[in-house]
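Hi everyone, thanks for making time. I'd like to walk you through one protein chain, from the whole fold down to a few residues.

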Amino acid sequence: MKRVVITGIGMLSSLGIGHNEIWPKIKDGISGVDFLKKVDASDLKTKFGAEVSSDFNAEDFMDAKEARRSDPFIRFAVAAASLALKDSKLEINDSNSHLVGSYIGSGIGGIQTFVDNTLVYNDKGPSRVSPFFVPSMVPNMAAGYVSIFNNLKGPNCAACTACAAGAHSIGYAAMMIERGDAVAMVAGGAEAPLVHVAISGFNVMRAISTRNDNPSAASRPFDNDRDGFVMGEGSGLIVLEEMEHAKKRGATIYAELIGSGMSGDAHHITSPNIDGPVICMESALKNSNINPEDVDYINAHGTSTQQNDINETNAIKKVFGEHSYNLLVSSTKSITGHLLGAAGGLEAGITSLALYEGVVPPTINLDNPQEGCDLNYVPHETLDKDIKIAVSNSFGFGGTNCTLIFKKFED
């Protein structure tokens, strides 16, 4: 079986542009959550989120005309892909373009485009709908644009599995490299859900926080006083590469992806249960050919919702047994907010950097852990620790789950 490594990381979030800007803020526990500036939230119950940095200009990464007619989630993906490929120093030309592909997921796709064109349709009629409406809305267009702009003629796919989309995309992309369909893949997720109607939808579900008096403290996974997740936007993409190919060209290798697991809760469209996460983590351990005791760190799904955090904690305890209390477990969503379909991609990059540098990022805002949430969640401050094997969990509506397992690279 071919080994798969991470040789490039592209991040775009409320914390900045690129991992060189974002990663230090994550280690310092600096919240990226603030009051919404691009959305009129005056009539919304939630008036804050984790908006992409105001420094972001899509035209730094794509033609102005293409930027204007593409949805924000596409722009985010194009930018993150550019950053990841530049970081990887992977040269793509006519001799290898058919062996490099894109697998980029999104939970929602172009919701801003959908809303804008629906308003035009209602106001001005069907003939005034944009010809770019459909191509800019469908969720696979992040992968499509990245493929077109970078001449990637290998596999071109997208997972559309809610908040597990980015992680699923990475898991499937790795399988394509393992079986020889590609030597490298740009993989992860992109999402632009901070749209008035989407925020309204999560509000009526009572899924997102309404802590309007203190937005930076609103995302508080595992804390007794949490009241929902914080919506974020952006993109997290990594360059996955066949190990020998990466070594031959002298690439920097951040980590190795040694396995993945996927499962379904078969329980409820929005409410989690323990079975899916347990099956998912156990499958990932089996596919990675490691024992539970080999794992040092878990980058938790850790959404800051009442149901997820205790459910994930109990699933970890069931899978890892007594070793659960030796694990370091943190939720970086406390810092970045929840990027929905992009979360798994962003957190794959974070987990890879944690292994590469030998640090564990913190869970901020964890002041009063809920009863039963009694693991080591690395509260408040980053921990220097030479971790060797790390897990990243992503769970989504519909009971769809993905676990990725990364290892500190050793030749």
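First, some ground rules. This is a predicted model, so please keep in mind that local features need pLDDT of at least 70, side-chain atom pairs count only at pLDDT 80 or more, and totals for chains, interfaces and linings use all residues. Residues are numbered from 1 along each chain as its sequence is written, and side-chain values use heavy atoms, with hydrogens and water left out.

So what does the secondary structure of the protein chain come to? There are 13 helices and 15 strands. Helices here are DSSP runs of H or I with at least four residues, strands are runs of E with at least two, and the numbering starts from the N terminus.

On overall dimensions, the C-alpha trace spans about 65 × 55 × 40 Å along its principal axes. The radius of gyration of the protein chain is 20 Å, which agrees with the value near 22 Å that a compact globule of 411 residues would have. That radius is taken over C-alpha atoms, and the globule rule is 2.2 Å times the number of residues to the power 0.38.

How much of the chain is buried? Buried residues make up 60% of the 411. By buried I mean under 20% relative accessible area, with exposed over 50% and partly exposed in between, using a 1.4 Å probe and protein chains only. The chain exposes about 15800 Å², and carbon and sulfur atoms supply 49% of that; the areas come from the Shrake-Rupley method with a 1.4 Å probe, and for residues only the protein chains shown count as cover.

Now contacts, meaning heavy atoms within 4.5 Å. Taking the contacts between residues at least 6 apart in sequence, 78% join residues at least 24 apart.

Let's zoom in on helix H7, residues 165-178. Its 14 residues reach 20 Å from first C-alpha to last, close to the 20 Å expected at 1.5 Å a residue; the expected span is 1.5 Å times one less than the number of residues. Eleven of the 14 are buried, so H7 is largely enclosed by the rest of the structure. Among those buried are His168, Ile170, Met176 and Ile177. After the helix comes glycine 180, with a positive phi near 90 degrees.

Helix H11, residues 306-320, is the other one to look at. Its end C-alpha atoms are 22 Å apart, which agrees with the 21 Å that its 15 residues should span. What do the buried residues of H11 pack against? They meet helix H10, strand S10, strand S11 and strand S14. The buried set includes Ile310, Ile316, Val319 and Phe320. Glycine 321 follows H11, and its phi is positive too, near 60 degrees.

Lysine 89 has phi near 60 degrees and is found in the loop between helix H3 and strand S5. At a relative accessible area of 67%, lysine 89 is exposed. Leucine 340, with phi of about 50 degrees, lies in the loop between helix H12 and helix H13. Is leucine 340 buried or exposed? It is buried, with a relative accessible area of 4%.

Last stop: serine 147, in helix H6. Serine 147 counts as buried at 11% relative accessibility. Beyond its neighbours within four places in sequence, serine 147 is in contact with Ser102, Leu152 and Asn156.
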